Amino acid sequence: MTAPPEISAPAPRSGPPAPVGKPPRRSGRPYGEWLLAAGLLLPNLLLLVLFTYRPLVDNIRLSFTDWNISAPVARYIGVQNYVAWFHDGNSHQVLLNTLIFTVATVGISMALGLALAMLLDQRLRGRNLVRSAIFAPFVISGAAVGLAFQFVFDPNFGMIRDLADRFLGVSVPDFYQQPGWALVMVTTTYIWKNLGYTFVIYLAALQGRRADLDEAAEIDGASAWRRFSKVLLPQLRPTTFFLSITVLLNSVQVFDIINVMTRGGPQGYGTTTLVYQVYRETFVNNKAGYGATIATIMFLILLVITVVQVRVMDRGMNS
Amino acid sequence: MTESAITGVDPDESSGRAHQAEAASFGGVLMKVAGYAAMVAVLLLVAAPLFWIVITSIKERPDIYTQPAQWWPSPPTADGYKAATTDIEFWSYFKNSLIITTILSIAKIVLGVLSAYALSLLRFPGRTIIFVIVIAALMVPNQITVISNYALVSQLGWRNTYQGIIIPLAGVAFGTFLMRNQFLSVPGEIIEAARLDGAGPMKLLWRVVLPMSWPTLIAFSIITVVNEWNEYLWPFLMSDDARTGTLPVGLTQLQNNDGITNWGPVMAATVLAMLPVLIVFLALQRHMIKGLTAGAVKG
């Protein structure tokens, strides 16, 4: 696990460097301050321990049990759930779906977000309006966006079909029934909703960076591509690192859009990702122990990816 | 709206010049043309689906199911909105969303401010460890905690209750992080002066530290309100019906109620669910974006 302070987002020119406000020790009342601190922190700590850390540990225990979520007792069955998951034919499709969805959403929203941020980091008329427009979908609930886009993608009366008919003269695939296209549908919807986030963060980073470095490179006669790859990208490295972790974590956790649009289908597991499989096994198939197993596996995968990201980034920074 | 409206970055002369220089350095006129082209393309991509659902919501039922589609309703009708607001106990869901978002946001803002204050300006043993414990909660995905939490809350008999939805969501990691960084940036001399004037720790927070932290507090508050309004998984698992279901949960149930989706009312309800948060966003986007660029994502 990484400590987020290390990956804090760029806060360009947000005032002078923060002086650490260390209060001088006041004579005679250290315990009063300790008590006050305990009182202020305890409610929040209690909630986090009870509803974040306790279930995290409890989830691992449950992953070794055969358990129906409404039953009072969970029966210990060792690693059977894990063995079952690796042999479950659906698991491979679920892993593949998760991989495709995550790589596509993270990759496209970061690349597109950066490209748009670079293009709009100029003096252009009406760019404030466009900036607001790109960011607006990010604040709408995923359930509402999912519902709206279900009709946008409707294979009979949807917007995409109409536009394809009108301007391209081609017929659209059945986004509801064909698993591959259903995955394209939820991926596109997710990117539409979340592109504004990467865009806004990259834009803030671009506006806060040192433009003189770039000018120096220009005077040296470097090509546009070299200026981009040798000057701009390294400057944006902390931002890219921050985004790669936060966007990935959010993307892997997508539930609302899939639940509203496809319920993990079509044809069984067409758009079921790991997170959605956890939900299906636990709350639909009444196999909460098995659901806990998948949740644990997902957590381990996320942990490994985050550690690798931090390692890669550290190496990049030091070289 | 100023140039800084969306980034929270204060405009100043030097940055303006830097941007011009940069636009020139990456190809000048060509870059500008590409910029305008991108603006038009993005505006269309964002606006088209929104326009589509709005016109669908005011179409008469037969007009929704035609090919080629009508891009302008003739004549427009409010039937979809009438149906949406009567069919599915829309106002119960709306009321639940209001109540839950209000209580949860206030709880999170208070807990976040108090925790951040203790972790930044009070001295006590174990401060760093406690800070790490609070922050590391950001890295634990919700889906890993819901199974055990669901069992616990069910045992308490709290399913379909407000407290069952609110209490498990009330812990604050992101806001604590955001506010702590803000409090640490309050100049030490000012705090020093207030202490010399005899201000106790709580007076220091109310009279000195918080008044200097309004922009960050506003950012934290808006992000929290928007996040809780949109919260889906936990209220969805906790609510069976309109007793405690929030608006996003209600949308799902609206979808279920019709065998074949009746898109007019569904799109009307979707528009109604989107509106409040979009209005808040348009009014306060600068603060929200400032908070997001200064911290992490999760609430």
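Trainee: Where is the place of Pro266(A) in chain A?

Mentor: Pro266(A) sits in the loop between α11 (256-261) and α12 of chain A. Keep in mind that this is a predicted model.

Gly265(A) and Pro266(A) are joined by a cis peptide bond, with omega at about 0 degrees. Now step to Gln267(A), which is also placed in the loop between α11 and α12 of chain A. Gln267(A) is not a glycine, yet its phi is positive, at about 50 degrees. Here is the background: most residues other than glycine have a negative phi, and most peptide bonds are trans. Is Gln267(A) buried or exposed? Gln267(A) counts as exposed because 11 other C-beta atoms lie within 10 Å, and the cut-off for exposed is 12 or fewer.

Follow the chain to the other end of α12. Asn286(A) lies in the loop between α12 and α13 of chain A. Asn286(A) has a positive phi too, about 55 degrees, without being a glycine. Lys287(A) is in the loop between α12 (274-284) and α13 (288-318) of chain A. Lys287(A) has 20 C-beta neighbours inside 10 Å and therefore counts as buried. Setting aside neighbours within four places in sequence, Lys287(A) touches Glu281(A) and Thr282(A). Leu114(A) is 173 residues away from Lys287(A) along the chain, and their C-alpha atoms are 42 Å apart.

Now widen the view to the whole of chain A. The chain has 13 helices and 2 strands. Of its 319 residues, 45% are buried. Take the contacts between residues at least 6 apart in sequence: 68% of them join residues at least 24 apart.

Strand β1 (residues 65-66) has the highest confidence in chain A, at 96, while helix α8 (residues 211-219) has the lowest, at a mean of 71. Be careful with residues 1-27 of chain A, where pLDDT stays under 50. The model still has 60 contacts beyond four places in sequence for that stretch. Where pLDDT is low, the predicted coordinates should not be read in detail.

Cross over to chain B. Ser74(B) and Pro75(B) are joined by a cis peptide bond as well, with omega at about -15 degrees. Pro75(B) is in the loop between α3 (61-64) and α4 (79-87) of chain B. Chain B has a mean pLDDT of 85, with 87% of residues at 70 or more. Over residues 1-25 of chain B the pLDDT is below 50.

Next, see how the chains meet. The predictor gives the complex an ipTM of 0.86 and a pTM of 0.87. The contact involves 102 residues of chain A and 109 residues of chain B. On the chain B side, helix α2 (residues 29-57) gives the largest share, 16 residues. By class, that side has 77 nonpolar, 28 polar and 4 charged residues.

Zoom in on one crossing. Helix α1(A) packs against helix α7 (residues 142-155) of chain B at about 85 degrees, with the axes 8 Å apart. That angle means the helices are roughly perpendicular. Among the residues in this contact are Phe51(A) and Leu62(A) from α1(A), and Ile144(B) and Asn149(B) from α7(B). The contact has 6 nonpolar, 5 polar and 1 charged residues.

Finish with α9(B). In helix α9 (residues 174-184) of chain B, 9 of the 11 residues are buried, so the rest of the structure largely encloses it. Phe174(B), Gly175(B) and Arg180(B) are among the buried ones. The cover over them includes α1 (30-62) of chain A, together with helices of chain B, including α5 (90-121) and α15 (263-294).

Key:
Residues numbered from 1 in each chain as written. Chains lettered and ligands numbered in written order. Predicted model: local features only at pLDDT ≥ 70, side-chain atom pairs only at ≥ 80, totals over all residues. pLDDT = per-residue confidence, 0-100. Contact = placed C-beta atoms within 7 Å. Helix = DSSP H or I, 4+ residues; strand = E, 2+ residues; numbered from the N terminus. Nonpolar A, V, L, I, M, F, W, Y, C, P; charged D, E, K, R; others polar. Axes fitted to C-alpha atoms, helices over the stretch in contact; angles between N-to-C directions. Parallel < 35°, antiparallel > 145°, perpendicular 65-115°, else oblique.
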